[in-house]
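The following exercises concern the structure shown below. Each task is followed by a solution in steps.

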Amino acid sequence: MSEVADQVKQVCETNFAPVEFVECIDESDGCGAKLRLTIASDVFDKVPLIQRHRKVQKILNEAGLGMDQIHAITIKAWTIEQYRKKQAA
Amino acid sequence: MMSLNLLSRAAARSARISTARVGPVSFFSDDSHSDFAPKRKVVADDDEAQKMIHEHVNNNRIMLYMKGNPSMPMCGFSATVVKVLQDQGVDFSSVNVLDYPAIREGVKKYSDWPTIPQLYVDGEFIGGCDIITGMQESGELTELLQEEEKKE
């Protein structure tokens, strides 16, 4: 796991609390340029998908982890219910 | 009025494709091919880029800004969106932002969204790869695109 991935994970844990699940995987051979982020939180409840993503982008930007730092990021932003359904599947 | 020579059209309706072909196909229609020959239009400045993008998204029902083009995407995320649109069987227009740096930066400003690909439907920014695949899974995308079809 890379430093950038850890930072992203921590920033999300703080800002989307209470978080059921959060994970940030570095898919870029450790250089932090390509990340896969998954967050399960009810902060996303009743929020349209695009607004969920804008919220994540905003929080990462404010933490200095915007797209000038991270080349590519895949974001899965689920409510707790959605996350549990996927686990059950 | 500036002409828009940037666009490539990719049509992937299975119904129109002969049974000899396997799977969804994108193609450039023959009679417009010369329009899309490498004729780089110079985009002078930011304002011009914003105007062009506004025209693109309002004159083309389904408009995709991507890296590469539908027959040869140059990025995994762009390739994924192309595939989703082809699976939906809808006509769409696209611009290869790798050929137009001013458009590449311009669309990010236009939609206030930091990445490529960017899909617009009926003039509205819908999202990038994650959102499009998410909407595909939930059925929202079919609903959105079919709604647009009915408006024709």
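Two strands pair if DSSP finds at least two bridges between them; helices (H or I, at least four residues) and strands (E, at least two) are DSSP runs, numbered from the N terminus. The model is predicted, so that local features need pLDDT of at least 70 and side-chain atom pairs count only at pLDDT 80 or more, while totals for chains, interfaces and linings use all residues. Residues are numbered from 1 along each chain as its sequence is written, chains are lettered from A and ligands numbered from 1 in the order in which they are written, and side-chain values use heavy atoms, with hydrogens and water left out.

**Exercise 1.** Determine how strand β2 (residues 34-41) of chain A is joined to β3(A), and in which sense the two pair.

*Solution.* Step 1: seven bridges connect β2(A) with strand β3 (residues 72-78) of chain A, in the parallel sense. Within this pairing, Ala40(A) has Trp78(A) as its bridge partner in β3(A).

Step 1: β2(A) is also joined to strand β1 (residues 19-26) of chain A, by seven bridges, and these two run antiparallel. Here Cys24(A) has Leu37(A) as its bridge partner in β2(A).

Step 2: together with helix α2 (residues 49-62) of chain A, β2(A) and β3(A) form a right-handed β-α-β unit. Right-handed means that, with the strands pointing away from the viewer, the path from the first strand over the helix to the second runs clockwise.

Step 3: six of the eight residues of β2(A) are buried (under 20% relative accessible area; exposed is over 50%, partly exposed in between; 1.4 Å probe, protein chains only).

**Exercise 2.** Explain why the pair of Trp113(B) and Phe125(B) is classed as it is.

*Solution.* Step 1: rings of Phe, Tyr and Trp (its six-membered ring) pair if their centres lie within 6.5 Å; planes under 30 degrees apart count as stacked, over 60 as edge-to-face and the rest as tilted.

Step 1: the ring centres of Trp113(B) and Phe125(B) are 5.2 Å apart and the planes stand at 55°, so the pair is tilted.

Step 2: Trp113(B) is buried at 5% relative accessibility, and Phe125(B) is buried at 11%.
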